[in-house]
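Work through the exercises below with the sequence and the 3D structure open. Try each task before reading its solution.

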Amino acid sequence: MKIFITGANGSIGRGLVSELTNNNLTHKPEFNIVALLGDGFGDIASDGKDLKFLTGDICNIDDKIKTELIDTDVIIHLAAVVHKPNAKYEEYIEINCNATKRLLDEFINLSNSKIKQFIFISTVSVYGNYKNSIYYEKDECKPDTPYGISKFMAEELIKNISSANKKYFNYTIIRLATVYGGSNDRGNVKKMIDFIQKYHFFPIFKKETEKSMIYIKDVVQSIKVCINNNKVYNDTLVLSSPPITIYDMVNVIRDTVKTFVFKVYIPLSFLKRFRVIDKLMMANVYCSNDTIGKLNLKIRDFKAGLTDMFSFKI
């Protein structure tokens, strides 16, 4: 089976390439991988017998990408604009949405595979922040950030194209909670860990506020399980670990990295003037029971994920 992975130089991409090519030498490898790196990133490893690295731009799909798509069975589309504060709204739309459509159109037109599955990695940001309770898989989406809006637009495009081309491909959309771990992690959990290790304190605004996250190795395993799996054809999944309060997160980080930290309580009355406080107070909790049951997954809680993160990094 030939798999084409975009965004292979990112944290999830690196872990996924490693997992899909990590085969016992006495057995025939299960996958042939083409890993697409963004222009300017360079190779992350040397090509191997069952692994080929390709440099290219999903906004400008050239002949070398098109050639690889001809016999591709599955695309895993990871490439996206994320964690880029200075990015303009138009950049989010162009890369996360428009480029996704062009890639899918080329895949449909060029691939001669009978499998032809398009796995799109999305985000729980598509739900927005409109309630202070658990978000379930089928809840309404009201994205309120350029990232969330662009990802939701891409999801809708994929579904619309699927409706018009039911015989030509199957999609699987995976909405990820905040991802942590990985070799080049730039996410909020890593920033939180770095802050605690450097300053040895952390502000607590509301002790009982809960957040959902997902460890990168669980993300990688979940994507792998979705490959050529008709249980998740034309389906939208949510992937998150059990929720944890900010207060408990600080304690887990403290115990895992073996440091001391002062929890500084900041009164809400002092922060009411800042708009960001509304988001901090929202309990961003996402239920992935349907996904976990459907795929028979075992998802680590934050303590187990952090313990593994500091003992082995993808």
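Of the 314 residues of the protein chain, 49% count as buried, where buried means under 20% relative accessible area, exposed over 50%, and partly exposed in between (1.4 Å probe, protein chains only). The model is predicted: local features need pLDDT of at least 70, side-chain atom pairs count only at pLDDT 80 or more, and totals for chains, interfaces and linings use all residues. Residues are numbered from 1 along each chain as its sequence is written, and side-chain values use heavy atoms, with hydrogens and water left out.

**Exercise 1. The chain as a whole**

Task: State how many helices and strands the protein chain has, and what share of its contacts between residues at least 6 apart in sequence join residues at least 24 apart.

Solution. 
Step 1. The secondary structure comes to eleven helices and 13 strands. Helices (H or I, at least four residues) and strands (E, at least two) are DSSP runs, numbered from the N terminus.
Step 2. Contact means heavy atoms within 4.5 Å. Among contacts between residues at least 6 apart in sequence, 76% join residues at least 24 apart.

**Exercise 2. Nonpolar cores**

Task: Find which residues touch the most other members of the largest nonpolar core, and which helix gives the most to this core.

Solution. 
Step 1. A nonpolar core is a set of buried Ala, Val, Leu, Ile, Met, Phe, Trp, Tyr and Cys residues joined through side-chain atoms within 4.5 Å.
Step 2. The largest core has 53 residues, and Ile3, Ile5, Ile76, Ile174, Ile223 and Phe302 touch the most other members. Helix 7 gives the most to this core, with six residues.
Step 3. Apart from this core lies another of 25 residues, including Leu36, Leu54, Ile58 and Ile65.
Step 4. Now take isoleucine 5. Leaving aside neighbours within four places in sequence, isoleucine 5 is in contact with Leu16, Val17, Leu20, Ile33, Val34, Ala35, Leu36, Ile76 and Leu78.
Step 5. As background, nonpolar side chains in soluble globular proteins tend to be buried together.

**Exercise 3. Helix 1 against helix 6**

Task: Describe how helix 1 and helix 6 pack, then follow leucine 20 in helix 1.

Solution. 
Step 1. Helix 1 (residues 11–20) and helix 6 (residues 216–226) pack at an angle of about 55 degrees, with their axes 9 Å apart. Axes are lines fitted to C-alpha atoms, for helices over the stretch in contact, and angles run from 0 to 180 degrees between N-to-C directions.
Step 2. Helix 1 is therefore oblique to helix 6: angles under 35 degrees count as roughly parallel, over 145 as roughly antiparallel, 65 to 115 as roughly perpendicular and the rest as oblique.
Step 3. On the helix 1 side, Ser11, Ile12, Gly15, Leu16, Glu19 and Leu20 take part, and they meet Ile216, Val219, Val220, Gln221, Ile223 and Lys224 in helix 6. These residues divide into seven nonpolar, three polar and two charged. Here Ala, Val, Leu, Ile, Met, Phe, Trp, Tyr, Cys and Pro count as nonpolar, Asp, Glu, Lys and Arg as charged, and the others, Gly among them, as polar.
Step 4. Leucine 20 has 1% relative accessibility, so it counts as buried. Leucine 20 and glutamine 221 are 201 residues apart in sequence and 9.5 Å apart in space, C-alpha to C-alpha.
Step 5. Aspartate 218 also lies in helix 6. Aspartate 218 is buried, with a relative accessible area of 4%. Beyond neighbours within four places in sequence, aspartate 218 is in contact with Leu239, Lys298, Ile299 and Arg300.

**Exercise 4. Helix 7 against helix 11**

Task: Classify the angle between helix 7 and helix 11 and list the residues that meet.

Solution. 
Step 1. The axes of helix 7 (residues 246–257) and helix 11 (residues 302–309) come within 10 Å and cross at roughly 30 degrees. The two helices are therefore roughly parallel to each other.
Step 2. Met249, Val252, Ile253 and Thr256 in helix 7 meet Phe302, Lys303, Leu306 and Thr307 in helix 11. The residues of this contact are five nonpolar, two polar and one charged.
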